[in-house]
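Below is a short report on the pockets of one protein model and on one of its sheets.

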Amino acid sequence: MNMQTHKVEKKFKYLTYGAFAFFLAVFILTVYILMFPDSEKNSVQIIATIMISSTFGLMTYFSLKTILSFKKYDISLDGDGIWRNYQSKDIGLIKWSEIKIFREYQYLQKIQLLNLKNEKLIDIHYQLSNFSDLRDKLVENIEPNFNHAEPFTLYAPLTFHLFWLGGSIAWPYLFYQTFALEMNVLYAIPPLFCTLVFIFVYTRSIIKITFDESKAKSFTFFKKEYYPYDKIQEVKIQEDSEDGSRFLMLLVIMNNGDGFKLPKLSSNVLETYFKLTALINKNKAYTNTRRND
């Protein structure tokens, strides 16, 4: 494998510079207003200005921190392993065999690679150039480390249930208040629509997936689906871009051409990919052995 270098995309750099300038300008403006207050301002307005100033001050700080960290984002990799660009390969090389655990930080837009002791090895940022190719190279070189196949189960996180169940309760209550009590049909339409959406999505969403030795089973509140491994043609890691952010997802393609996206649930995408692939390969090897016998 030839050496590859991945640097932070210029587009992301320009967006970060622009955000820093905007946050700094608002911060300076609010500080100026606090230092030279209008005599007509009351205490509530002053407190609100302090909160706005503090918020944009923090955003300015984190934007500047990101800008100063750009040089640490850049990485290089080859057949031996991966390392940070600001270090030489001799000093900073992380061998592929050392990487055993993943942590995905979707909203921070990075993947953290760790060893068996849960020690951080390196961060892989989604804003790096040719990220799709980088991701494929990571999978290709790290997959041999995850060849142990054990059944596992994924559950929807508590935050998922709190959000959708909370909405399924709150919107009907608001509908009851506006329609049944106040008889206001116009104002009752939005909460009714939101009620139907929340109940529909929540009851149809996958809340649990089990992966046993021969098949995957997905569970919603009212439905159970089976996906035998011998009918799975391919498992692919895909990414979706939204407002400049990347979101990784798993796509399972069946032999009949149908496909579906696996929800993230309580695991991260790369770890689920490696575990599921190992189970599928184990099942195929077992099936072939039985046929030969």
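Helix H1 (10–35), helix H2 (43–68), helix H3 (70–73), S7 and strand S13 (245–254) each contribute at least two residues to the lining of the largest pocket. H1 gives the most, with six residues. Helices (H or I, at least four residues) and strands (E, at least two) are DSSP runs numbered from the N terminus. The model is predicted: local features need pLDDT of at least 70, side-chain atom pairs count only at pLDDT 80 or more, and totals for chains, interfaces and linings use all residues. Residues are numbered from 1 along each chain as its sequence is written, and side-chain values use heavy atoms, with hydrogens and water left out.

A pocket is an open set of points on a 1 Å grid over the protein atoms alone, where a 1.4 Å probe fits, with protein on both sides within 12 Å along at least five of seven lines; lining residues have an atom within 4 Å of a point. Volume is the space filled by probe spheres set on the points, which are joined across faces, edges and corners.

| Largest | about 1,100 Å³ | Phe12, Thr66, Tyr73, Leu108, His125 |

In the second largest pocket, S13 supplies the largest share of the lining, four residues.

An open sheet of three strands has the order S5-S6-S7, with antiparallel pairing; strands pair if DSSP finds at least two bridges between them. Its edge strands are S5 (101–105) and S7 (120–125). Five bridges join S5 to S6 (residues 110–114), and Tyr105 stands opposite Lys110 in S6.
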